[in-house]
Amino acid sequence: MSYLPQKNFNSETLVSSYDLTSGDTTLVSSDISNYSKFSLQFNVVDIRGLPNFDIEQSLDGVNWSYISQASVIPNGNSTFILDKQFFSGTKLRVCLNTGQNSSGTCTIILLTKR
């Protein structure tokens, strides 16, 4: 009989209730090298405008490359999940471009699975 280890799930809050009127920002990076899958959950409240969320990856934490973007967020309260099964980086970060006249708050949670 073979032993299959249990899949471990973890979550990390990258930003909690970020006020979009504070402007553009690059959030702290997170090490995803030990995980086979990850999801980013965007919980937004009272979003106005068209903020862009760029997801980037890096092998060294210095040089970053673009993976994906969550750019169209409807007004109101919504949750968005972006999944990426295969990636080449060991670190992940989200860059926020608030755009003109953006307001509301956003919480971003990184969900990982070994």
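**Starting with Val28**

Analyst: Val28 is exposed, with a relative accessible area of 56% (exposed means over 50%, buried under 20%, partly exposed in between, with a 1.4 Å probe and protein chains only). Before we go on: this is a predicted model, where local features need pLDDT of at least 70 and side-chain atom pairs count only at pLDDT 80 or more, while totals for chains, interfaces and linings use all residues. Residues are numbered from 1 along each chain as its sequence is written, and side-chain values use heavy atoms, with hydrogens and water left out.

User: Where is Val28 found?
Analyst: In the loop between β2 (25–26) and β3 (30–31). Strands here are DSSP runs of E with at least two residues, and helices are runs of H or I with at least four, numbered from the N terminus.

User: And what does Val28 touch?
Analyst: Leaving aside residues up to four places away in sequence, Val28 touches Leu14, Leu92 and Arg93, where contact means heavy atoms within 4.5 Å. Leu14 is 14 residues from Val28 along the chain, and their C-alpha atoms are separated by 6.9 Å.

User: Zooming out, how many helices and strands are in the protein?
Analyst: There are 0 helices and 9 strands. As for burial, 39% of the 114 residues count as buried.

User: Which residues touch the most other members in the largest nonpolar core?
Analyst: Leu40, Phe42, Leu92, Val94 and Ile108, out of 20 residues in that core. A nonpolar core is a set of buried Ala, Val, Leu, Ile, Met, Phe, Trp, Tyr and Cys residues joined through side-chain atoms within 4.5 Å.

User: Which elements give two or more residues to it?
Analyst: β1 (9–19), β4 (37–48), β5 (52–58), β8 (91–97) and β9 (103–113) do. β4 gives the most, with 5 residues.

User: New topic: how much space lies in the largest cavity?
Analyst: About 30 Å³. A cavity is a set of points, on a 1 Å grid over the protein atoms alone, where a 1.4 Å probe fits but cannot get out; lining residues have an atom within 4 Å of a point. Points are joined across faces, edges and corners, and the volume is the space filled by probe spheres set on them.

User: Which residues line the largest cavity?
Analyst: Val15, Tyr18, Thr25, Leu27, Phe53, Leu96, Cys106 and Ile108. β1 and β9 each supply at least two residues of that lining.

Technical notes. On a 1 Å grid over the protein atoms alone, a cavity is a set of points where a 1.4 Å probe fits but cannot get out, and a pocket is an open set with protein on both sides within 12 Å along at least five of seven lines; lining residues have an atom within 4 Å of a point.
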